[in-house]
Amino acid sequence: MSPRKTTPSFITGRQFITIVLSCLAILLVPFIAMQFTDEVNWSLMDFVVAFLLFFTGSVTIQIIRNKLGRKGYRSFVFIFVVVILLALVWVELAVGIFGSPVAGS
């Protein structure tokens, strides 16, 4: 008889692959736009930071979906993660609204 797996699985392999592919699909939009216009000018680091932001937000939301049972709690935490954390980090990185050193010069 083989021993049972005791490590908790917060996210399945299929969910992980779906998240990675979704993040890459979102990043295709600025990549394709860069081919047609000079208005979008992203460096490799911009793509890496955007991917990490989308990826960590998506994994966080998926873990919350898997762990919280009640829909009301899930909705509240989803709104908190997306609106507060992701949007504020994105805005700070884009234009430096808070003037932190993260936003650059």
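Four aromatic pairs are counted here, under a rule that pairs the rings of Phe, Tyr and Trp (its six-membered ring) if their centres lie within 6.5 Å, and that calls planes under 30 degrees apart stacked, over 60 edge-to-face and the rest tilted. F31 and F47 make an edge-to-face pair, because their ring centres are 6.4 Å apart and their planes stand at 70°. This pair links distant parts of the chain, with F31 in helix α1 (residues 13-36) and F47 in helix α2, 16 residues apart. This is a predicted model, in which local features need pLDDT of at least 70 and side-chain atom pairs count only at pLDDT 80 or more, while totals for chains, interfaces and linings use all residues. Residues are numbered from 1 along each chain as its sequence is written, and side-chain values use heavy atoms, with hydrogens and water left out.

The two partners differ in burial class, where buried means under 20% relative accessible area, exposed over 50% and partly exposed in between (1.4 Å probe, protein chains only). F31 has a relative accessible area of 43% and is partly exposed, whereas F47, with 15%, is buried. A second pair, F51 with F55, is stacked, because the ring centres are 5.7 Å apart and the planes lie at 10°. Both of these residues belong to helix α2, where four residues, about one turn of the helix, separate them. F51 is partly exposed at 21% relative accessible area, and F55 counts as buried at 17%. Together with F16, F51 and F55 form one aromatic cluster.

How many helices and strands carry these residues? The protein chain has three helices and zero strands, as assigned from DSSP runs numbered from the N terminus (helices: H or I, at least four residues; strands: E, at least two). Across the 105 residues of the protein chain, 15% count as buried.

Helix α1 has 24 residues and spans 36 Å from its first C-alpha to its last, close to the 34 Å expected at 1.5 Å a residue; the expected span is 1.5 Å times one less than the number of residues. Where does α1 kink? A kink of about 25° lies at L28, shortly before the proline P30, the bend at a residue being the angle between axes fitted to the seven residues ending there and the seven starting there. P30 is buried in α1, as are I19, C23 and L27.

Helix α3 has 25 residues and reaches 34 Å between its first and last C-alpha, close to the expected 36 Å. A kink of about 25° is centred on A87 in α3. Buried residues in α3 include V81, L86 and E92.

The largest pocket has a volume of about 240 Å³. A pocket here is an open set of points on a 1 Å grid over the protein atoms alone where a 1.4 Å probe fits, with protein on both sides within 12 Å along at least five of seven lines; lining residues have an atom within 4 Å of a point. Grid points are joined across faces, edges and corners, and the volume is the space filled by probe spheres set on the points. The lining consists of N41, W42, M45, D46, V49, A50, L53, W90, L93 and A94. The elements giving two or more residues to this lining are α2 (44-67) and α3 (71-95), and the largest share, five residues, comes from α2. By type, the lining residues divide into eight nonpolar, one polar and one charged, with Ala, Val, Leu, Ile, Met, Phe, Trp, Tyr, Cys and Pro counted as nonpolar, Asp, Glu, Lys and Arg as charged, and the others, Gly among them, as polar.
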